[in-house]
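Me: I am new to this structure and would like to learn how to read it. Please take one feature at a time, with the general idea before the case.

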Amino acid sequence: MNRMDAAVNWHWTCSSLHIETPVAHLRLTPLADDLIRMQVTSGDGTESFPTGAVIKDDWPPVVASVEEKEGRIRLCTPRMAVEVELSPIRLSWYEGNRLFARDEAIEVGDGRVVLRRSMPPDEHYYGFGQKEGFLDKRGRRMVMWATDDPLHTPTTDPLYQSIPFFLALRQGKAHGFFLDSGARSIFDMGSLDPASHYCITVYSPNLDAYIFAGPEIGSIIARYTELTGRMELPPLWTLGFHQCRWSYYPAERLRELARSFRQRQIPCDALWLDIDYMDGYRVFTWDKERFPDPAGLLADLRRDGFKVVTIMDPGVKVDPNYTVYQQGVEGDHFIRNPDGSIHHGEVWPGTTAYPDFLKAATRRWWGDLHKALLDVGVAGIWNDMNEPSSFIPNAAGERTLPHDVVQGEEGRKVPHRDVHNLYGFKMCQATYEGLKRHRPEQRPFILTRSGYAGIQRYAAVWMGDNHSWWEHMLEHLSLCMGMGLSGVPFVGADVGGFSANATGELVARWVQLGTFTPFFRMHSAKGTRDQEPWSFGAEVEEICRRFIRLRYRLLPYLYTLFEEASRTGLPILRPLVMEDQADPETWCITDQAMVGSHLLIAPVMQPGATRRMVYLPRGTWYDFWTGQPCEGGRYVIAEAPLERMPVYVRAGTALPMGPEMAYVGEKPADELTVHVYPGKGRFDLYEDEGEGYGYRSGAYARTPLVVEGARLTVGKPEGGWQPPRRQVEVVLHGVAGPVRVDGRPVEAEPVDGGGLRVLVQRPGGFTVEAEGTEA
Ligand code: MIG
């Protein structure tokens with residue numbers, strides 16, 4: 001390795017600062033006031049394979065200046081600066097006058113670039129996509145190399161996702177770093193303790209990074225997702241409850257499952273088909289005996305409100321009599337060995353060929369194949385095994401493709417090693433574009449296991465093969481929060497746990513957690529005991545029923561958060577540090593989360609526990625179950641008998657809730673309840689048709705719910721869509737009364753657990769207030 005030493009020359013082109021050294025070229029390009037791109041090019045100067053993560057290139061010009069002083073060059077934007085020492089090359093990064101990071105050395109050689117950054121002892125590191133461990137990743141060494149590892153231990157690394165993005169927080173101020181490469185990279189955040197440096201290595205002769213000045217976590221995520229794109233608003237039904245297992249078959253079993261949900265009055269929107277629906281694991285086929293009439297089955301289920309999602313693996317069975325394989329060969333869609341032959345791996349169908357999703361024609365072919373599934377009524381696609389996974393280890397002992405198989409367009413071929421982390425991402429792009437082409441009037445729904453930075457544009461993500469272990473409830477929270485901080489808001493994990501047998505208590509607790517996570521699906525592995533909400537006796541069934549119903553009642557709140565995420569990139573499930581990054585207590589909390597910025601959840605993750613400690617950030621909070629106010633900025637002990645998970649609501653919240661329903665769209669959502677928690681705040685309730693793109697041409701409603709003290713003002717909805725609302729029920733918590741509507745006294749009814757309830761026979765445009773907040 002060679003350290004980038006004395007610069008031989010430098011120049012400023014008005015858009016980039018270029019610095020030439022004998023071993024590499026450094027280029028610094030301001031893209032926005034708080035964002036600078038940093039590129040190091042070495043080797044023969046060829047650019048790295050473009051990942052496709054970054055979608056924005058039309059940045060408005062930045063007012064930047066460059067000056068040289070005492071052997072340093074300083075590049076400034078109105079909000080950030082980078083100062084380059086020329087011998088050796090060292091970079092100091094500033095937000096205003098605050099030094100936030102220092103690259104002490106840049107080393108190149110052996111097909112790598114290494115960045116050594118100083119590591120203040122009081123700095124915390126968050127994000128990195130899907131990474132094991134607690135919220136703060138300080139002290140961990142993490143590899144970006146998409147891997148199907150079904151045993152998630154506290155130190156298993158890497159997992160399925162590769163998102164080389166992180167946030168650093170020091171003394172309440174944050175900055176961000178994104179490394180854009182589809183090749184292997186390593187983030188060693190001080191694994192050799194005590195550490196004075198952290199170290200970022202990319203296995204490429206080039207480094208392409210983006211530095212975000214912050215200092216707000218939220219604004220960094222907003223910028224990062226401006227760069228890499230945001231989730232499209234999903235269909236409303238995908239926020240409902242999903243039931244899955246490996247596998248429900250034959251058709252009659254699926255019908256029986258559907259009947260059970262309706263008979264037991266447990267809401268459910270989607271049933272999932274795992275690999276056994278296929279004919280010998282051949283993708284895009286159906287097993288004719290198990291599913292003789294898929295279109296009829298799906299139509300019947302649909303009449304009862306059930307959507308069906310089918311699994312898809314990338315591996316195509318090598319079988320000369322199978323059309324998909326034939327087309328793949330004829331169309332030159334498969335990844336090849338260095339000698340030019342089609343590469344064969346081993347996955348569920350036996351010997352398989354892997355589509356090369358880096359090729360546009362292959363993505364199109366793959367996307368078009370989905371038409372057959374859409375035609376029989378499949379509602380969404382579940383992309384599994386797309387790390388890609390292989391049953392035969394490669395020469396490096398990894399269960400994925402050999403590093404030297406060849407991918408990419410003609411004239412732009414690259415070895416798999418350079419683009420490994422893009423496989424799942426590009427597969428999802430193919431699926432997404434296929435769904436858009438063949439069902440343009442509906443919003444696509446794709447769930448994926450593997451992904452790269454920007455995956456949020458194409459798919460929701462679940463956390464892969466967890467276990468029915470209590471420890472994996474904490475993993476559920478930490479992985480999902482890490483993903484949310486990394487720009488991917490639509491995330492979840494297998495509720496109840498995938499491998500091993502669950503117990504009733506575990507399932508009850510896990511369903512409580514799942515109720516508040518963006519993607520809410522129960523799933524369990526082949527060979528494990530039944531894992532439906534009713535599989536563990538009446539008490540657990542009742543707890544599941546109550547929480548799944550609560551999930552549906554919360555849809556107006558959750559859907560508004562999804563809409564916000566689609567516009568701003570902000571996560572739905574957030575660590576507490578995002579809500580109050582100046583409060584040191586929040587910096588390392590992994591076992592609690594915010595859902596949006598109004599609800600705080602504290603799941604119970606130990607057997608037998610009936611209470612737990614909860615940190616409430618500064619301000620006043622209300623117990624969701626009792627309506628009792630509690631002061632924050634301290635720890636409280638929350639009561640948590642099995643049927644209750646601690647949930648708190650921030651003072652000043654207007655929490656919108658809808659009616660109970662068996663599934664989304666069962667009946668018009670014409671009842672709205674607004675729970676008011678006195679204080680000061682505002683919630684802009686977002687509603688639309690829940691499907692399709694009408695909202696893009698104005699068919700939505702945004703209703704301001706404004707809380708001031710014990711007064712709620714429900715404004716007139718903005719937007720061109722009329723919510724089907726006849727009346728609004730308002731529940732005022734923590735107040736004594738009397739209650740007035742638009743200044744006139746009304747009868748208010750006390751509600752269980754405290755609070756006063758009034759019914760206003762209008763869709764909006766009124767004020768409800770109470771006198772005298774309860775002491
Ligand atoms: O090799 O399709 O993570 O959710 O049930 C296992 C069977 C393949 C792994 C997925 C899991 C799914 C299972 N799959």
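Reply: Start with charge. Lys and Arg count as positive and Asp and Glu as negative, while His and the chain ends are not counted. Each charge is placed at NZ of Lys, CZ of Arg, CG of Asp or CD of Glu. The protein has 83 positive and 101 negative side chains, and the centres of the two sets lie 2 Å apart. This is a predicted model, in which local features need pLDDT of at least 70 and side-chain atom pairs count only at pLDDT 80 or more, whereas totals for chains, interfaces and linings use all residues. Residues are numbered from 1 along each chain as its sequence is written, and side-chain values use heavy atoms, with hydrogens and water left out.

Me: How does the radius of gyration of the protein agree with that of a compact globule?

Reply: The radius is taken over C-alpha atoms, and the globule rule is 2.2 Å times the number of residues to the power 0.38. For 775 residues the rule gives a value near 28 Å, and the protein has 27 Å, which agrees. Along the principal axes, the C-alpha atoms fill a box of roughly 80 × 70 × 50 Å.

Me: What share of the residues is buried?

Reply: Buried means under 20% relative accessible area, exposed means over 50%, and partly exposed is in between (1.4 Å probe, protein chains only). Buried residues make up 63% of the 775 residues. The areas come from the Shrake-Rupley method with a 1.4 Å probe; for residues, only the protein chains shown count as cover. The protein exposes about 26900 Å², and carbon and sulfur atoms supply 49% of that area.

Me: What share of the contacts joins residues at least 24 apart?

Reply: A contact means heavy atoms within 4.5 Å. Among contacts between residues at least 6 apart in sequence, 68% join residues at least 24 apart.

Me: How many helices and strands are there?

Reply: Helices (H or I, at least four residues) and strands (E, at least two) are DSSP runs, numbered from the N terminus. The protein has 13 helices and 53 strands.

Me: How should I read a sheet, and in what order do the six strands of the open sheet come?

Reply: Strands of a sheet pair through backbone hydrogen bonds, either parallel or antiparallel. Two strands count as paired if DSSP finds at least two bridges between them. Here the order is β35-β36-β37-β42-β39-β40, with antiparallel pairing. Asp-623 has Tyr-648 as its bridge partner in β42, and Trp-621 stands opposite Arg-650. Strand β37 (residues 599–601) is also joined to β42 by three bridges, with Leu-600 opposite Tyr-648.

Me: Which two strands form a hairpin?

Reply: The hairpin consists of β2 and β3, with four residues between them. Strands β2 (residues 9–12) and β3 (residues 17–20) run antiparallel and are joined by four bridges. His-11 stands opposite His-18. In the turn, Cys-14 has a positive phi of about 80°.

Me: Which residues of helix α5 are buried, and what do they pack against?

Reply: An α-helix has 3.6 residues a turn, so residues three or four places apart point the same way. In α5 (residues 360–369), the buried residues are Thr-362, Arg-363, Trp-365, Trp-366, Gly-367 and Leu-369. Elements that the buried residues of α5 pack against include β22 (307–312), α4 (323–330) and α8 (423–438).

Me: Is Tyr-432 buried or exposed?

Reply: Tyr-432 has a relative accessible area of 14%, so it is buried. Its place is in helix α8. Beyond its neighbours within four places in sequence, its contacts include Glu-232, Pro-444 and Arg-457.
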